[in-house]
Amino acid sequence: MGHSRVVTILRGAPASGKTAFARQLCQSAQCVEGILCVHLELDARLPVEDAEDSAFDRKQWAAAKTSLEFDVNWLLSLPRWSGDLLRKVRNHSAWNGSQMTSNMTEILIIDDVHPRSEDVHRWRRVCRSARVACVEITWHFPLLEVLQRNSARSRKVPDIVVTRLWSQIAASLPHKEDFLLVENPSKIPSSGEIFAMLSRRAAGYQIEYETTTEEKTRSLSAIHVLDLKLRKFITAKIQCVNSGKHEIASTLNSRRKEILEDAKRGGSPDDDALIGTMEEALRTQNPNHLSM
């Protein structure tokens with residue numbers, strides 16, 4: 001397997017255990033050859049007092065979000081990650097199992113509450129644009145368990161806030177691929193299981209993307225050839241008439257665009273049939289045109 005990359009979106013209410021899991025996962029990467037794990041945590045970008053204060057500072061939260069999004073986009077724009085480059089990322093943790101290799105799997109963990117499904121979809125769109133695999137891991141323990149965990153934290157979040165965020169996540173749990181739901185504190189996947197899942201997804205996405213790109217290239221090439229043939233037909237037809245050239249050109253070009261749109265949607269009649277439809281369109285609108 002060659003170099004690959006996967007983004008892991010951690011989702012869950014405060015005190016659900018996602019940050020502790022992310023740190024453990026990255027530390028475990030020290031023992032796994034060919035894995036580079038980078039953990040970006042939104043809370044680490046907020047002033048410490050905000051986590052303890054019930055008064056929510058939207059400006060500071062928005063600034064933290066902006067810096068997180070900037071770093072994610074910057075990392076995904078790089079062909080490879082290295083220690084020198086990662087040192088430029090604010091408030092991150094990174095571990096790798098051995099020296100950098102050409103077969104490295106790079107794992108980027110985005111650690112935030114993500115209470116709305118749109119919060120996750122936004123990251124998925126970023127990943128699609130960057131042509132990177134994306135996996136969502138949602139931590140959704142029972143509410144009582146989460147509240148008990150929160151009460152034991154040194155940086156507590158008001159229970160009413162925890163309950164509200166937990167309820168928002170509960171109302172928008174996804175039912176799709178590339179999604180792992182952790183509901184039972186006694187059945188948390190091991191780091192090895194997570195690494196295996198992420199590596200498979202990263203490699204599978206790379207193959208899927210390369211295959212899709214190749215298919216699209218072939219399809220676009222075929223459409224380009226078809227367009228050239230249709231244009232050649234139109235040019236020849238117009239040269240055979242002495243009057244009404246503008247109307248004939250307009251009719252045939254309209255039909256040419258319809259044929260190309262149909263081809264993009266998967267339609268693939270043979271060339272003779274397509275030329276026949278061009279002739280039919282011309283006879284319908286211009287019954288006196290000269291036939292070839």
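Phe21, Trp139 and Phe141 form one aromatic cluster. The model is a predicted one. Two aromatic pairs are present in the structure. A pair of aromatic rings is described by the distance of the centres and the angle of the planes. Phe21 and Trp139 make a tilted pair. Their ring centres are 4.8 Å apart, and the planes stand at 55°. Phe21 belongs to helix α1, which covers residues 18–28. Trp139 belongs to strand β5, which covers residues 133–139. The pair therefore ties together parts that lie 118 residues apart in sequence. Trp139 also pairs with Phe141, this time edge-to-face. Here the centres are 5.8 Å apart, with 80° between the planes. Phe21 and Trp139 are both buried. Phe141 is buried as well.

The protein as a whole contains 10 helices and six strands. Its length is 292 residues, of which 40% are buried. Contacts between residues at least 6 apart in sequence were also sorted by separation. Of these, 79% join residues at least 24 apart. The link between Phe21 and Trp139, 118 residues apart in sequence, joins helix α1 to strand β5.

Helices α6 and α7 were examined as a pair. Helix α6 runs over residues 143–151, and helix α7 over residues 159–170. Their axes come within 10 Å and cross at roughly 145°. The crossing is right-handed. From α6, the residues in contact are Leu143, Val146, Leu147 and Asn150. From α7, they are Asp159, Val162, Thr163 and Trp166. By class, five of these residues are nonpolar, two are polar and one is charged. Asp159 is the charged one, because Asp counts as charged.

Cys26 is buried, at a relative accessible area of 0%. Cys37 is likewise buried, also at 0%. Both values fall under the 20% cut-off, so both residues count as buried. The count of disulfides in the model is zero. A disulfide would require a pair of cysteine sulfur atoms within 2.5 Å.

Two residues have a positive phi although neither is a glycine. Ala15 has a phi of about 75°. Ala15 sits in the loop between β1 (4–12) and α1. Its relative accessible area is 13%, so Ala15 is buried. Arg131 has a phi of about 60°. This residue sits in the loop between α5 (117–130) and β5. Its relative accessibility is 54%, so Arg131 counts as exposed. Ala15 is thus buried, whereas Arg131 is exposed.

Trp61 lies in helix α3, which spans residues 58–77. At 28% relative accessibility, Trp61 counts as partly exposed. The value lies between the 20% limit for buried residues and the 50% limit for exposed ones. Trp61 and Arg45 are 16 residues apart in sequence. In space, their C-alpha atoms are 8.6 Å apart.

Note on methods:
Residues are numbered from 1 along each chain as its sequence is written. This is a predicted model: local features need pLDDT of at least 70, side-chain atom pairs count only at pLDDT 80 or more; totals for chains, interfaces and linings use all residues. Side-chain values use heavy atoms; hydrogens and water are left out. Axes are lines fitted to C-alpha atoms, for helices over the stretch in contact, and angles run from 0 to 180 degrees between N-to-C directions. Helices (H or I, at least four residues) and strands (E, at least two) are DSSP runs, numbered from the N terminus. A crossing is left-handed if the near helix is turned anticlockwise from the far one by less than a right angle, and right-handed if clockwise. Contact means heavy atoms within 4.5 Å. Buried means under 20% relative accessible area, exposed over 50%, partly exposed in between (1.4 Å probe, protein chains only). Rings of Phe, Tyr and Trp (its six-membered ring) pair if their centres lie within 6.5 Å; planes under 30 degrees apart count as stacked, over 60 as edge-to-face and the rest as tilted.
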